[in-house]
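Me: I would like to go through this model feature by feature. Please give the general idea each time, then the case at hand.

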Amino acid sequence: MTPRLTLLTIAAFAFLSGPLAPHAAAELMAEFPDEMAETVAEAADRCRKDDGKPDVANVLQSDDLNGDGRPDWIADYSKLVCKNGSNPACSDNGCLLQLYYSSGDDWDKVFEDFVKSHKFSTSGKERLMHVTTYGLPCNRPKDETCNYTYRLEEDALSPVR
């Protein structure tokens, strides 16, 4: 099965189970980043190679992150379940998180990192993403954490602090 076909199956299942509800199923499955499809397929394949059974139905979410009226994509690999195995997209440093903005006929990856946790919020008209990573990126011991806030702008994410 090709990565694109695999992701269509994933997206269809995910839509039926609820996480993609902000947009119509046909619109969501019509276009999505090929790179994201490949990464999801690779993670599922790595789980299978470790004798696990992957469940990627909750990895993908669609939302208008930057307020331009078009669906963007969030790939949160902490939500990948590898039954009888370990999540291949996670380590002691956290799990892979990717954000893709729609740019008309293409996609721009605006964020990719291993994070311990993340959440979105609003402040006035601004949309923000709050990320917690392991300690080394901010010159702390590895077992401590770093907290970052990003402003979700039209074309990119900008660090707030």
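Me: How many bridges join strand β9 to strand β10, and do they run parallel or antiparallel?

Reply: Strands of a sheet pair through backbone hydrogen bonds, either parallel or antiparallel. Two strands count as paired if DSSP finds at least two bridges between them. Strands (E, at least two residues) and helices (H or I, at least four) are DSSP runs, numbered from the N terminus. Here β9 (residues 126-134) and β10 (residues 145-152) run antiparallel and are joined by seven bridges. Within β10, C146 is the residue opposite T133.
This is a predicted model, in which local features need pLDDT of at least 70 and side-chain atom pairs count only at pLDDT 80 or more, while totals for chains, interfaces and linings use all residues. Residues are numbered from 1 along each chain as its sequence is written, and side-chain values use heavy atoms, with hydrogens and water left out.

Me: In what order do the four strands of the open sheet stand?

Reply: The order is β8-β9-β10-β11, with antiparallel pairing. β8 (117-123) and β11 are at the edges; each has a single partner strand, so one side of each lacks a neighbour in the sheet. On average, neighbouring strands of this sheet are turned by 30° against each other, direction ignored. For such angles, axes are lines fitted to C-alpha atoms, for helices over the stretch in contact, and the angles run from 0 to 180 degrees between N-to-C directions.

Me: How many bridges join β8 to β9, and how many join β10 to β11?

Reply: Seven bridges join β8 to β9, again antiparallel, and T122 has R127 in β9 as its bridge partner. Three bridges join β10 to β11 (residues 157-159), also antiparallel. There, R151 stands opposite S158 of β11. β10 and β11 make a hairpin, with four residues between them.

Me: Is P159 buried or exposed, and what does P159 contact?

Reply: Buried means under 20% relative accessible area, exposed over 50%, and partly exposed in between (1.4 Å probe, protein chains only). P159 lies in strand β11 and counts as exposed because its relative accessible area is 59%. Contact means heavy atoms within 4.5 Å. Leaving aside neighbours within four places in sequence, P159 is in contact with T149 and Y150. P159 and H130 are 29 residues apart in sequence, and their C-alpha atoms are 9.9 Å apart.

Me: Which residues form the aromatic pair, and what is its geometry?

Reply: A pair of aromatic rings is described by the distance of the centres and the angle of the planes. Rings of Phe, Tyr and Trp (its six-membered ring) pair if their centres lie within 6.5 Å; planes under 30 degrees apart count as stacked, over 60 as edge-to-face and the rest as tilted. The structure holds one such pair. F111 and Y150 are edge-to-face, at 5.5 Å centre to centre and 70° between the planes.

Me: How many residues of strand β3 are buried?

Reply: Five of the five residues of β3 (residues 72-76) are buried, so the strand is largely enclosed by the rest of the structure. D72, I74 and D76 point one way from β3, W73 and A75 the other way, and all are buried. β3 pairs with β2 (residues 60-63) through four antiparallel bridges, where D63 has D72 as its bridge partner. β3 also pairs with β6 in the antiparallel sense over four bridges, and there W73 is partnered by Y100.

Me: Why does N93 count as buried?

Reply: N93 counts as buried because its relative accessibility is 19%. N93 lies in the loop between β5 (90-91) and β6 (94-102). Beyond neighbours within four places in sequence, N93 is in contact with F114, V115, K116, Y134 and K142.

Me: What is the phi of D51, and what is that of N84?

Reply: D51 has a positive phi of about 65° although it is not a glycine. D51 sits in the loop between α3 (34-49) and β1 (53-55) and is exposed, with a relative accessible area of 67%. N84, not a glycine either, has a positive phi of about 65°. N84 is in the loop between β4 (81-83) and β5 and is exposed at 72% relative accessible area.
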